[in-house]
Amino acid sequence: MRIGILGCGNIGTFLLEQLNRTNDKAEIVAVYSRNYDKAKKVAASYRTRAYRTIDSFLEANLDLVVEVATIEAVQQTALTILNDKIPLILSSIGALSDQSFLESLKDACYKSQVHLYIPSGAIGGLDILQSANVLKGLKEVQLTTRKPADSLIDGVEMAEEKLVFYGKAKDAIAKFPRNMNVAIALSLAGIGVERTIVKIVADPKIDKNNHTIEASGDFGNFSLMVSNEAMPNNPKTSYLAALSILSSIKEQSNRLKII
Ligand SMILES: NC(=O)c1ccc[n+]([C@@H]2O[C@H](COP(=O)([O-])OP(=O)(O)OC[C@H]3O[C@@H](n4cnc5c(N)ncnc54)[C@H](O)[C@@H]3O)[C@@H](O)[C@H]2O)c1
């Protein structure tokens, strides 16, 4: 499988390491990133190629594009990719909090007969929410995210934990675009960005990103807590998020689907 990645930061480099330094059937053959010179350097060390423009990147005969960049990158490129009939895995899921953008991407998928994939990222439990809501019986979903204070608020010393956000998932991603992709993944699997409630706590006493999901409805109720280790070389990105993107790539060739 010929893969193109959009973005070559923490997760992008992790994917290059895991796919291009092994004998995996999936190989990253093209890289497009905001900083071409940096992308070229990274690409050279993983025997792949960096492209200067999104158009030339998309001409690399790709079977799959994996976005590991930013919400803006999704807004700029996702429609073009899907209209070019290339399946797309997203990590900056926050871009889908805009309902009209989401609808335009879904339309492009139907027309092009390709899929847009939303990996579970740094959380889990999306399968439960989807099943629980198949007959619209899911009533309440709340996400409590507790992060090290310095990863949420730059340059502020605090001794005690502080509630920095309480409200709708839609507003959480607007306030924390790099941190709250998980809230939008939850919303898409469950009851949407207007009804999914998010609580964000900055905690100076922890060193892991913790997410607690609580939901209730006709099915009963569930709660799930994920305590994320950071990626070895970057304290701001959860290791599970990178593993989830890698797993979504490997799943493409798997005939047995756990859904
Ligand atoms: N879904 C989840 O649970 C989850 C978890 C962690 C991170 N993320 C998201 O995944 C994305 C990647 O994370 P990361 O830690 O690798 O980030 P990073 O900052 O290390 O890397 C981002 C890369 O994207 C490139 N980039 C920025 N804007 C671009 C654009 N407009 N076009 C093309 N390339 C562009 C940058 O140059 C950089 O190479 C981020 O949006 C992050 O918020 C999602």
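**A tour of the ligand shell**

Begin by colouring domain 1 (2-117 + 240-251) and domain 2 (126-228), since bounds of this kind come from an automatic or database domain assignment; each gives at least three residues to the shell around the ligand. The model is predicted, with local features requiring pLDDT of at least 70 and side-chain atom pairs pLDDT 80 or more, while totals for chains, interfaces and linings use all residues. Residues are numbered from 1 along each chain as its sequence is written, and side-chain values use heavy atoms, without hydrogens and water.

Next, select the 24 residues around the ligand (a heavy atom within 4 Å). Asn-10, Ile-11, Ser-92, Ala-122 and Thr-237 come nearest. By class, the shell comprises 10 nonpolar, 11 polar and 3 charged residues, with Gly counted as polar.

The ligand taken alone exposes 870 Å², of which the protein buries 88% (Shrake-Rupley method, 1.4 Å probe).

Finally, show the helices (DSSP runs of H or I, at least four residues). Helix H1 (10-20), helix H4 (71-83) and helix H9 (181-189) are the elements that each contribute two or more residues to the shell.
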